Each structure stands twice: as structure tokens, then as C-alpha cells.
Amino acid sequence: MRVPSKWIGDIYGPGVVLDTVPCFQETHWLFRERWRNDTLSMGQLTIAAGCPYIAHERGSTPRALKLLAHAGFAPAERLLRYRDEADYRAIVEQLTDEGYRIAVNHVHARDVLADDQLWIPRDLVSALNDKGEIARWTSAHPARRATPTPPVVIKVSTDGTTGAGLHVRVCPDADAARRAVEDLAGASALVFEEMLDIESNWCVQFVIDRHGAIESLGSAEQVCDEDGNWLGNWIDGSAPDELARLAREVAQAGADAGYFGLVGVDVVHARDGRNLVIDANFRFNGSSVALLFRHEYGVGRSRAWGFAGSYAEMTKAVAALVEEERFLPFGSWDDDAHPRVLGVAHGPTREHAEESLRLMETRGFTT
């Protein structure tokens, strides 16, 4: 059985349930399709042994769990499956009635989860993750502007939840900046930052325990397209010392404010020599599980993939890749209309991992 470097219970302690389900009311800056938001609930199944875990039924069908078992992962001790908002609300009410506190990955409406149900109060989670508040947690962030004068990066500032770079627009020229402002018009506030010429981009992750002690989980090199969209991570190295130091300072600021749990800090080295913090995510990040199982493979590229075929065909292809020591699945979405798998393509070197990526493409996996 594959064992992570930490289970969910190691990170949050007894009496706390990690809830990775995005709120049904406050997801304007996540995916527009509800099913895509629900896929986020399958991401930590492989580290949930020993504690309750909330997952959408599509990500936790018998076939989906069988695939994880085939890859050597332990099952969750108590799997709480939901289909819709009513199911989800009933589950969190049941858990809080049993005395559990909820550690959310995404801010929820107050009528869904009140502060007395939460592990960390909503206002603190919001402030720590608000892209307009980053200056409270670090002074090493990109310069800000009063107007969207290109080249510029435009970000949504919100007390709600964000993710996957869907709240960010990279604007090299005036037309792009105009379209971005129009596209983000629903935001309560926008932040305009200088556009950086980035040489390296890392997500450095830590666990902050109940006593405020900070432990490093490692770092993942981020892969983004020209528009700033996140395309996964390379798991094969460590962030430079100065970037790791800046990230730890942000984690320490969060701990000093009263946060406990997992945090990922996005730090970059610009070609002009500056080291900067561009984002802080006080929650599980897209590469967190890949880091927790890093000892199980050499070099990996973590992300989610679609598939040009049925779910049954996809699981057959995934199982073959597992047997070939090319891929580890961390979760899958059992839906013939939208089959997806989350995991890490791997090999002993980055070149071998890239071969695994190309092999996956020939077998029907899509990005």
C-alpha cells in the first residue's frame, strides 16, 4: 500500500474534516460548470485513510475507488458521498453535529458553514487568500499600478474563492487589458500588477501545525501558458533558497494571524534578478498530493487529463500505465460525458516523464 509523507489527519489533527468541495453559491471565480467544481472533491482521496472524507459520487464510484486500489492507494475510512447541494449540506451538518470542525479548501457562504462549524474563521481564510491583500503577508510582491496600463497582470480581489488562475488575466497590450477589464467586470475590485519576465516559477508548500510550527512539504515547479493559465507542475526539484525563504515568511505571517493547515506560496525569479511572491494559497494546492507521494516516483508532471473515450476505456488505459510504471492516478471522474483523471505522469528523469506524457497522448488522454 502506498503511504504519503502525511495523511490528512496528520495535517489537521483529530476532530477536523478537510472539505475540498467548492461552495455552491460562491464560485464565480472558479469553473462556470458545476461538474468541474465537483471534480475538485476527488483530489485528496488518496491521503484520506483514517478520517472522514467528502466526495462527489462521480469521483467516488466503485469503479473510481477500484482504480485507486489497483494503483496501491488505501481507501478512506469513512467516505461521505454527495450528489447535489442538498446532499452536501446534510453531510456538513451531520459532521458538525458529531463534533467535527470543517477545514475548507474554498470559502463558503455563511448560511452554509458558520464560524462555529469551521476550523479557521471565514474572514481569516478570505483575507489570507484575497489577491488584493497579499501586501499584508509579504513586502516582496510585484509593483502595483493605479490603472490597467499594459503590459499588466489583472487579478480579481475578492473575499470569495478563486483557483486555477481563472481570476487572473495576463495583458501584454491595450486590447488585452480592455478585454480583461470587461471580462472581470463582475469583480468587486481588481488589482493591477506589473507584468514580469519570469525565469522560474515555484509553488513552495508548508504545513502549519496547531502550535504554529511550520514544516516544509517541498516545492513544485509551475507550468503556465502565455495567458497565465495553470497547466500543472513538475515535481523534480526544489525552489532556490531565496524563493523558499520568501515563501516561508508568508507561511509564518499566516501562522501569526492564526492559520493552521496547508499553505502553498507561489514565488518567482524574474529575469531582472528579483525574487517575488506572486500569490498565496492557504489551502491544499493542485500539486500538494503529488508532493506528498513524491517518494513513490522519480520525476513527475502532475495535473488533470481528459480522455477521448468512455470512462471504462480510460480506466483500462490508466491501469496499463500504472503497470508500466508511467502514471499514478490520484482520482478519477466517472462520467462518460466528461471522463477525467488526476495524477502524475512520471519516470526516472524529466525526459522519461516527458515520454510518459507523449505516450498518454497517443493513448487518448487530452489536456
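Arg245 is partly exposed in the predicted model, with a relative accessible area of 39%. The side chain of Arg245 forms a salt bridge with Glu249, in which the closest N and O atoms are 2.4 Å apart. Glu249 is likewise partly exposed, at a relative accessible area of 38%. Both residues belong to helix 7 (residues 241-257), where a spacing of four residues corresponds to about one turn of the helix.

The search of the whole structure returned 28 salt bridges. Among them is the contact between the side chains of Asp183 and Arg169, with an N to O distance of 2.5 Å. Asp183 is located in helix 6 (residues 174-183) and Arg169 in strand 7 (residues 168-171), so this pair ties together parts that are 14 residues apart in sequence. Asp183 is partly exposed, at 41% relative accessibility, and Arg169 is also partly exposed, with a relative accessible area of 21%.

A further salt bridge joins Arg274 to Glu194, with 2.9 Å between the closest N and O atoms. This pair links distant parts of the chain, 80 residues apart: Arg274 sits in the loop between strand 12 (261-270) and strand 13 (275-281), and Glu194 in strand 8 (residues 189-194). Arg274 counts as partly exposed, with 32% relative accessibility. Glu194 has a relative accessible area of 14% and is therefore buried, as this value falls under the 20% limit.

Salt bridges also occur as a network, which links Glu85, Arg89 and Asp111.

How values were computed: Residues numbered from 1 in each chain as written. Predicted model: local features only at pLDDT ≥ 70, side-chain atom pairs only at ≥ 80, totals over all residues. Heavy atoms only, no water. Salt bridge = Lys/Arg side-chain N within 4 Å of Asp/Glu carboxyl O. Helix = DSSP H or I, 4+ residues; strand = E, 2+ residues; numbered from the N terminus. Buried < 20%, exposed > 50% of the residue type's maximum accessible area, 1.4 Å probe, protein only.
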